[in-house]
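The sequence and structure are shown first.

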Amino acid sequence: VEQGGRAVLRKQCPDCGSFQETVWNDAGRYRSGPARKEKGREWKGSCSMGQCLCEHHASACGMLFLEVTSRCNLRCPYCFADAGGYADEPSLGTITRMLDLVASRQRYRPNLLLGGGEPTVRDDLGTIVRVAVQRGYKHVFVGTNGIRIAREKGYLRRLVDAGVRTLYLQFDGLDDDVYRITRGEPLLADKLRVIEQARLCKRVHVILVPTVIGGVTDHQIGPIYRFAMANRDVVRAICYQPVSFSGRTPETKRNTQRVTPDMVMTRLHEEGGPGPEAFFPNDNWASLARATLYLTNEPQNALSQAFECGQSALVLSSDGNRCTLQEVCDINGLLGLCDDMDDLSCHGEDRRMSTRARALALVARYIAGAGAGEGRRWIAALFSGRNMETVWSALKNPLMVSILHLQDRYNFQWERTRSCPL
């Protein structure tokens, strides 16, 4: 419901009573969200590009989060997983069976995020990565606080040699006072050392993952964005995560510390970043990624994600000027192109060569028309059929800025969970 200009979720529970939670600070912007989502592609279920893991899910798995340990080398005051308080660790054999189970339920392997706890406390993490790569998981992420990577010489290179390609790095800001509050100790030097280690390694990229807490870390939204833009040779994306009130996160402070996705967008725009109009639901971007990978013979599962869960903007750079993809091309026309290519891909592997030629014809027609506008060069690179590393380099290291809104018991919605690709 709308209340005081905000979109509010009201709940009635026989055990807990009634309560309400703000899910979007700007009700008008919230209402426009689902309409914008309809301009992308809804997952159709019958398409051969994806299968669900269970009868309740409305999306295939796009990112498999595998908790390899509950142990942690920190005791963060803000930890939605409540990690470090107990030892619960699946064996290598159990992890292998988990990977095989997901592989058996989906036609294409999802991205794999190894998390915890802190996964680097396991000395066999490299072995786990190798097992996953051997089973066809091409894109392996490690979700980490970065402490071991920063302090142990050669450790990152060993992980990269095993097959890690992306670090999902906890990164709350550029001020040690922030880390003292959120993580219990100053960690900025370690974070910066991880960035330098990744730069020297050259075969791994970093996604910065800030926990955005009202009155605690929200003033770091702009500095983090500027830091990422200045380090785009290593930092591929930012994933702002509004605080989730679960685990050790103090629920008593939720009225003052709750942050909604549109609050992040507004603050980011005020500090020189992309504005709210640049953000589209993540399943729109998944459709774009799937279409580009289709031309490289790296097909992906079809995904659908609730509007409230994830929003992203792609920031491009040319001759020192920054712009978003929406500013240089007709984004809705581009998403329509992706829909057409998705329809072609549903014909399956046996028709790949003929459908690839038809897909290239669709791209050529779009580029030749008015829709591509000033973004013609970027669109041509995206749909060149080259691998994504080459494409990213041709695009002069763009930056993906995302907002991932994790749920807690106060803002939990069944439909969001049902369509979750994680």
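Two strands pair if DSSP finds at least two bridges between them. Helices (H or I, at least four residues) and strands (E, at least two) are DSSP runs, numbered from the N terminus. This is a predicted model, in which local features need pLDDT of at least 70, side-chain atom pairs count only at pLDDT 80 or more, and totals for chains, interfaces and linings use all residues. Residues are numbered from 1 along each chain as its sequence is written, and side-chain values use heavy atoms, with hydrogens and water left out.

**Overall composition**

The protein contains 17 helices and 14 strands. Of its 422 residues, 56% are buried, where buried means under 20% relative accessible area, exposed over 50%, and partly exposed in between (1.4 Å probe, protein chains only). Contact means heavy atoms within 4.5 Å. Among contacts between residues at least 6 apart in sequence, 75% join residues at least 24 apart.

Three strands form an open sheet in the order β1-β2-β3, with antiparallel pairing. Because β1 (2-3) and β3 (17-24) stand at the edges with a single partner strand each, one side of each is left without a neighbour in the sheet. The two pairings are set out below.

| Strand pair | Bridges | Residues between the strands | A bridge partner pair |
|---|---|---|---|
| β1 and β2 (residues 6-13) | two bridges | two residues | Gln3 and Arg6 |
| β2 and β3 | seven bridges | three residues | Arg10 and Gln20 |

Each pairing forms a hairpin. In the turn between β1 and β2, Gly4 has a positive phi of about 60°.

**Helix α2**

The buried residues of α2 are Ile95, Thr96, Leu99, Val102 and Ala103. Viewed down the axis of α2, these residues fall within an arc of 130°, so they line one face of the helix; the arc is that of the directions from the helix axis to the C-beta atoms. An α-helix has 3.6 residues a turn, so residues three or four places apart point the same way. Cover for the buried residues of α2 includes β4 (63-67), β5 (111-115) and α3 (125-134). On the face turned away from the buried side, α2 carries the exposed residues Arg97 and Ser104.

**Glu271 and its surroundings**

Glu271 lies in the loop between α10 (261-270) and β11 (280-281). Its relative accessibility is 23%, so Glu271 counts as partly exposed. Leaving aside neighbours within four places in sequence, Glu271 is in contact with His219, Gly222, Pro223 and Arg226. The C-alpha atoms of Glu271 and Gln220 are separated by 10.0 Å, although these residues are 51 apart along the chain.

**Cysteines**

A disulfide is counted as a pair of cysteine sulfur atoms within 2.5 Å, and by this rule the count is zero. The sulfur closest to that of Cys79 among the cysteines belongs to Cys76, at 6.0 Å, which is too far for a bond. Cys79 counts as buried because its relative accessibility is 14%, and Cys239 counts as buried at 8%.
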